[in-house]
Amino acid sequence: MRAFKVFLVLIFIVAQLAAKPRFAQDKISKLSGTPLRDFASLTVGDWQFWVNSDGILAYYGDGKGIFPKGTADLLFLQGILWGGWLKDPATGVKIQENPLQVGGAYYRSGLEPGWIKNGGSPVDPNDPNVKVYFIRTDWRSLSDSQLKREAGYYFDVDTTAVTEQMISDLRTALAENWKNWPVDLGAPFNDVNHNGVYDPVLDADGYPDAQKGDYPGIYGADQVIWFAANDLDQNKTRNLSGSPPIGIELQTTLWTYKGDFIPFSQTVFIRYRLVNKSAYLLDSMFVTIPGDPDVGNFADDLVGCDTLRNMWFAYNGNVIDKEYAKFGLTPPALGYSLLTGPVDSSAVPLQSGTPRLLHSFFAFRTGETIADPPMGDLDFTYG
Ligand SMILES: [Ca+2]
Ligand SMILES: [Ca+2]
Ligand SMILES: [Ca+2]
C-alpha cells in the first residue's frame with residue numbers, strides 16, 4: 001500500500017436544480033442489492049437519509065433524502081467525485097496513457113462496495129463483511145414498537161407491512177454490527193480509555209459494553225453508518241465517466257443525533273476519507289460533493305453558495321412548495337457546509353496545515369445550455 005499522497009487538494013461543489021424529468025432518468029443508477037447489507041438509513045433524527053454501499057447517498061430508488069422524516073424529499077441524491085493527474089511517484093512525471101483520471105459516484109456509481117486489500121486488489125464484493133455497517137447506541141433498549149417503526153424505514157415499507165421477520169433481521173443486524181464494527185478497516189470508535197487502540201470491554205455475550213470501555217461510532221452520536229468502496233472496477237468507472245480505475249479506497253462515515261437535540265438532529269454529518277492505494281502519485285487533485293437538492297417539488301428551487309461559510313444551499317423559489325404543502329409545512333432549506341478539508345503539508349500559497357475548503361461552486365439546470373454533463377464519456381469540457 002502506498003501512503004496517501006495528494007497535492008493541492010481542493011474542493012468544489014456542484015448543485016443540480018432539476019432531476020426528475022424523463023430525460024434525466026437514463027443517468028440514474030438502478031438499485032441493486034439487499035436492505036441491511038447494501039443499504040442503510042439514518043433515522044433517529046429529523047432526516048431519513050439513505051445510504052448505498054456504492055457511495056450514492058440520499059437515494060433509494062427515487063430520491064430519499066427526506067426532511068423532516070415522513071414528509072417530502074429535500075435532497076434527491078448526493079455523490080462524491082474526484083479527479084487528478086497520475087504521476088510516477090519516483091520521477092514526478094505524468095504517466096503516458098490517460099494521465100488525467102476521475103472517479104467517484106453520482107447519478108451512476110463508479111465504485112464497487114468493499115475495501116482494497118494489501119497488494120492493491122479489491123476484496124470480493126460478495127465477501128460477507130462487505131456491507132454498510134450501521135449502529136445506534138440505544139440498540140439494546142429498543143422496544144418492539146420502535147423496532148417495527150425502524151424496520152419500516154429500513155425495508156422501505158409502511159409500518160403496517162412490517163413482518164416479524166423484518167423486525168428480527170433488523171434486530172440481528174444492529175447487534176451484529178455493534179459486535180463486529182470494522183475498526184480494522186477504518187471505522188471510527190470511541191477510545192474511552194484513550195490508549196489509541198480499540199480494546200472494548202465485552203459483556204457476557206461478547207458485545208462491547210459502552211458503560212465500561214471502548215465502543216463503536218462517534219462520540220455523542222446516536223446513530224452511525226460506515227462503509228468502504230473502491231474504484232477498481234473498470235466497467236463501473238467507465239460507465240461513470242469513461243475513465244479507467246485509479247485505485248482509490250473511499251471510506252465514508254455518516255452520523256446524526258436524536259430528535260430533541262436541535263440543530264444536530266437536523267444535521268447529517270458526513271466524513272469522507274480517500275486513501276490512495278494505487279501505484280501512482282496523485283497531483284492537483286480535486287474533490288467534488290455534487291448534489292441534487294429537490295426542495296419538495298423540484299421545479300421551483302433555487303441554489304447558491306456562501307463563501308464565508310464554505311457552504312452551498314438550496315431553497316424554494318416560492319413561499320409555498322406544492323409537495324411540502326401536502327404536509328402543511330413551509331418548505332425547508334438545505335445547506336451543505338464543509339467543516340474541514342484535506343490538509344496539504346506543503347501548501348502554497350496557504351499556510352502549512354490549512355485545510356482546503358470551498359474552491360468553487362456552480363449550478364446547472366436540466367434542459368438549459370449548461371446541463372447534465374454526459375456520463376460514460378471522458379469529457380473535460382465542463383468547468
Ligand atoms: Ca433538483
Ligand atoms: Ca482504547
Ligand atoms: Ca420546490
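The buried residues of H2 are Met166, Ile167, Leu170, Ala173, Leu174, Asn177 and Trp178, where buried means that 20 or more other C-beta atoms, placed from the backbone, lie within 10 Å of the residue's own, exposed that 12 or fewer do, and partly exposed anything in between. Because these residues cover an arc of only 130° around the axis, they lie on the same side of H2, the arc being that of the directions from the helix axis to the C-beta atoms. The face turned away from that buried side carries the exposed residues Glu164, Gln165, Ser168 and Thr172.

This is a predicted model, in which local features need pLDDT of at least 70 and side-chain atom pairs count only at pLDDT 80 or more, while totals for chains, interfaces and linings use all residues. Residues are numbered from 1 along each chain as its sequence is written, and chains are lettered from A and ligands numbered from 1 in the order in which they are written.

What covers the buried residues of H2 includes strand E9 (133–136), helix H1 (144–154) and strand E11 (215–216); helices (H or I, at least four residues) and strands (E, at least two) are DSSP runs, numbered from the N terminus, and cover is judged by contacts, meaning C-beta atoms, placed from the backbone, within 7 Å.

Strand E9 is itself covered on both faces, with Tyr133 and Ile135 buried on one side and Phe134 and Arg136 buried on the other. Four bridges join E9 to strand E12 (residues 223–230) in an antiparallel arrangement, pairing requiring at least two DSSP bridges, and Ile135 stands opposite Val224 in E12.

Terms used
Contact = placed C-beta atoms within 7 Å.
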